[in-house]
Amino acid sequence: MTKLKLGPLADDRPVKLAAEVPAAVHRDLVAYAAALAAETGGEPVAPEKLVAPMLEQFMASDRGFARRRGGAKN
């Protein structure tokens, strides 16, 4: 099995953000949580806990965004 892009999730102080996703995306998040749990040997996390690290990983790998942002991080 190939290695997943996300590793163990950091326990960070969250900021509440509400979003709607299509049912297919929710099913994929549930499946990803199960795959991540199998890979890391932990328990599956709630799908909503995956959204922030996935967005963070996506933005970190987007070169255009990094250039536009000037490499600065908050």
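Helices (H or I, at least four residues) and strands (E, at least two) are taken here as DSSP runs, numbered from the N terminus. Read along the sequence with that in mind, the protein goes α-α-α, with three helices and zero strands.

A word on what you're looking at. This is a predicted model, where local features need pLDDT of at least 70 and side-chain atom pairs count only at pLDDT 80 or more, while totals for chains, interfaces and linings use all residues. Residues are numbered from 1 along each chain as its sequence is written, and side-chain values use heavy atoms, with hydrogens and water left out.

How confident is the predictor? The score to look at is pLDDT, the predictor's confidence in each residue, from 0 to 100. Its mean for the protein is 86, and 93% of the residues reach 70 or more.

Now for the overall build. The C-alpha trace spans about 35 × 30 × 25 Å along its principal axes. Take contact to mean heavy atoms within 4.5 Å: of the contacts with a separation of 6 or more, 62% are between residues 24 or more positions apart. The accessible surface (Shrake-Rupley method, 1.4 Å probe; for residues, only the protein chains shown count as cover) comes to about 6,600 Å², and 57% of that belongs to carbon and sulfur atoms.

Let's go inside. Call a residue buried under 20% relative accessible area, exposed over 50%, and partly exposed in between (1.4 Å probe, protein chains only). In soluble globular proteins, nonpolar side chains tend to be buried together. A nonpolar core here is a set of buried Ala, Val, Leu, Ile, Met, Phe, Trp, Tyr and Cys residues joined through side-chain atoms within 4.5 Å. The largest one has seven members: Leu4, Leu6, Leu29, Tyr32, Ala33, Leu36 and Leu50. Helix H1 (residues 23-40) gives the most to this core, with four residues. Pick out Ala33 and skip its neighbours within four places in sequence: the residues in contact with Ala33 are then Pro44, Val45 and Leu50.

Side chains of opposite charge can pair when their charged atoms come close. Counting a salt bridge as a side-chain nitrogen of Lys or Arg within 4 Å of a carboxyl oxygen of Asp or Glu, the protein has one. It joins Glu39 to Lys3, with the closest N and O atoms 3.8 Å apart. Glu39 lies in helix H1 and Lys3 in the segment before H1, so the pair ties together parts that are 36 residues apart in sequence. Glu39 is partly exposed, at 27% relative accessible area, whereas Lys3 is exposed, at 70%.

Finally, turn to helix H2 and a nonpolar patch. Patches are made of residues with over 30% relative accessible area and no salt bridge; like charges are joined within 9 Å, nonpolar side chains (Val, Leu, Ile, Met, Phe, Trp, Tyr) within 5 Å. Val51, Leu55, Phe58, Met59 and Phe65 make one of about 430 Å², and helix H2 (residues 48-60) supplies its largest share, four residues. Met59 is found in H2 and counts as partly exposed because its relative accessibility is 39%. Lys49 also lies in H2, and its 53% relative accessibility makes Lys49 exposed.
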